[in-house]
Amino acid sequence: MPHALIVDDEPDVVAWMSEVVKAEGYTVATADSLRNARAQLVRQTPDVLLTDLQLPDGRGTDLVRDLEAPAQTEVVVITGHASVDSAIEAVRIGASDYLVKPVDIERLIAILRRQPKAAELKSEIGELREELRRVGRFGHLFGDSPPMQALYDKLSRVAPTAATVLLTGDSGTGKELAARTIHDLSRRKRFPFLAINCGAISPNLIESELFGHEKGSFTGADRQHRGFFEQAKGGTIFLDEVTEMPLDLQVKLLRVLETGTFVRVGTTEPVSTDVRVIAASNRSPERAMAEGKFREDLYHRLNVFPIHMPPLRERGTDIEMLAQQFLRELNRAEGTHKVFSPDALAKLYEMTWPGNVRELKNYVQRAYILADNVVESTDASQAPPLAAEDQSGLIVVRVGTPLEEVERRVTMATLESCGQVKRTAARILGISLKTLYNRLEAYAAKDKARELEDSGPMPLADEPPAASRDAPGQVRRH
């Protein structure tokens, strides 16, 4: 039978929490101070330690040092005020979660029911380390270069905790794969993992997607819709391109992170949720804040545990390891046995890979299709074009050129230099992906209108050909 130790100097809090914990199948011991708690730890090591942050004779976090086997105990800190500082402190001392007074019963029950236990998570991380040694894989990520080894260490440390994570790095570096690895190594792994791209959904729809809506709350809302924060209850939500989220929605996201509650569109009734948020951006959050597009308070709330994803160009022999892995997957799927030539492998290291792992995967697929049995280095010419070395990267415009035309030329030139990778072009231009798509649609519409204009008006169906029309001044006789 699992055992829990509740440490709090408020008798009413201890009493009702004890009843809840016992109802979940735990034996319970209680203490109202550090001294009494240490005595309980000597008697029996708890599976779950629920401790108030502030106690009469010290801080509840001091108890973590007294645990004989910290890996076997899930530590949950209880605090009177939700803040970034308290969350960071809880993570630093090894807490897997923290509760805010008055404690939400549903959240407490969710913590008690979460499995596996901390010791099992440590074992899984050890197994992943062994797999990394054998095949260069850690969770959903491949590579054993020093930058990736440092990344895996951070993922291993933060995964078992409740800390919010902010992933940054270039497009194509594997931020979503890192988020999935964190989820799979956490106590939430048996609950949903849901990913949403904040820059790819219309600003009019993203609030409904995240928080849901009531029937009749807007045109087309013919039924109640449960948003991601309800669907992922107990699990993890991955917010990709979080800096592209509309400012008014950022306020509501901040409220969810601080209170654990949200409101569906079309109602004022708060709904509680228990999710972990992992956010990501390939754009500098600091730059987005400076431009007034990203709230500073939200940034600090998300940036509890920052992780930077290393670009492929800094990962050394991982380039070859990944290419071989992608080729093996294609061979397995197609029943073939194609291999890289030595020349082809050498060519991989000469490329700068601005699209990172995603670009490398696309390149391998193209090279595979073009090859017979051996993938030759000449196939590298099929990779997305990089900016030519003899080009200055400048465009020249005449004085007096309309600003609209200047914007168009800069946008199209940037897109061309990025090999038509729109996300990279948007990042370089300092605009959202949605803004770039809107621009391209506007350019296409104007080009089409110009073509129709240049071709002249179409003759009406009942109008005679121009050659048979009456000359000016003539009167047609019947």
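Student: Where is the place of Trp353?

Tutor: In this predicted model, Trp353 sits in the loop between α14 and α15.

Student: What makes Trp353 count as buried?

Tutor: The relative accessibility of Trp353 is 1%, and since a residue is called buried when its relative accessible area is under 20%, Trp353 counts as buried.

Student: What is the phi of Trp353?

Tutor: Phi of Trp353 is positive, at about 50°, although Trp353 is not a glycine. Asn356, in helix α15, is also a residue other than glycine with a positive phi, here near 60°.

Student: How do you know whether Asn356 is buried or exposed?

Tutor: The relative accessible area of Asn356 is 0%, and the cut-off for buried is under 20%, so Asn356 is buried.

Student: How many aromatic pairs does a search of the whole structure find?

Tutor: The search of the whole structure gives six aromatic pairs, and one of them joins the rings of Trp353 and Tyr363.

Student: Why is the pair of Trp353 and Tyr363 called tilted?

Tutor: The ring centres of Trp353 and Tyr363 are 5.6 Å apart, and rings pair if their centres lie within 6.5 Å. Their planes stand at 50°, whereas stacked requires under 30 degrees and edge-to-face over 60, so the pair is tilted. The pair links distant parts of the chain, ten residues apart, with Trp353 in the loop between α14 and α15 and Tyr363 in helix α15.

Student: What makes Tyr363 buried?

Tutor: The relative accessible area of Tyr363 is 0%, and because the cut-off is under 20%, Tyr363 is buried as well.

Student: Why is α13 called oblique to α15?

Tutor: The axes of helix α13 (residues 318–334) and helix α15 (residues 356–370) come within 9 Å and cross at roughly 45°. Angles under 35 degrees would count as roughly parallel and those from 65 to 115 as roughly perpendicular, so α13 is oblique to α15. The crossing of the two helices, α13 and α15, is right-handed.

Student: Which residues make the contact of α13 with α15?

Tutor: Among them are Ile319, Leu322 and Phe326 of α13, together with Val357, Leu360 and Tyr368 of α15. Sorted by class, the contact of α13 with α15 has ten nonpolar, two polar and two charged residues.

Student: Which residues form an aromatic cluster?

Tutor: Phe211, Phe229 and Phe262 form one aromatic cluster.

How values were computed:
Residues are numbered from 1 along each chain as its sequence is written. This is a predicted model: local features need pLDDT of at least 70, side-chain atom pairs count only at pLDDT 80 or more; totals for chains, interfaces and linings use all residues. Side-chain values use heavy atoms; hydrogens and water are left out. Axes are lines fitted to C-alpha atoms, for helices over the stretch in contact, and angles run from 0 to 180 degrees between N-to-C directions. Helices (H or I, at least four residues) and strands (E, at least two) are DSSP runs, numbered from the N terminus. Angles under 35 degrees count as roughly parallel, over 145 as roughly antiparallel, 65 to 115 as roughly perpendicular and the rest as oblique. A crossing is left-handed if the near helix is turned anticlockwise from the far one by less than a right angle, and right-handed if clockwise. Contact means heavy atoms within 4.5 Å. Ala, Val, Leu, Ile, Met, Phe, Trp, Tyr, Cys and Pro count as nonpolar, Asp, Glu, Lys and Arg as charged, and the others, Gly among them, as polar. Buried means under 20% relative accessible area, exposed over 50%, partly exposed in between (1.4 Å probe, protein chains only).
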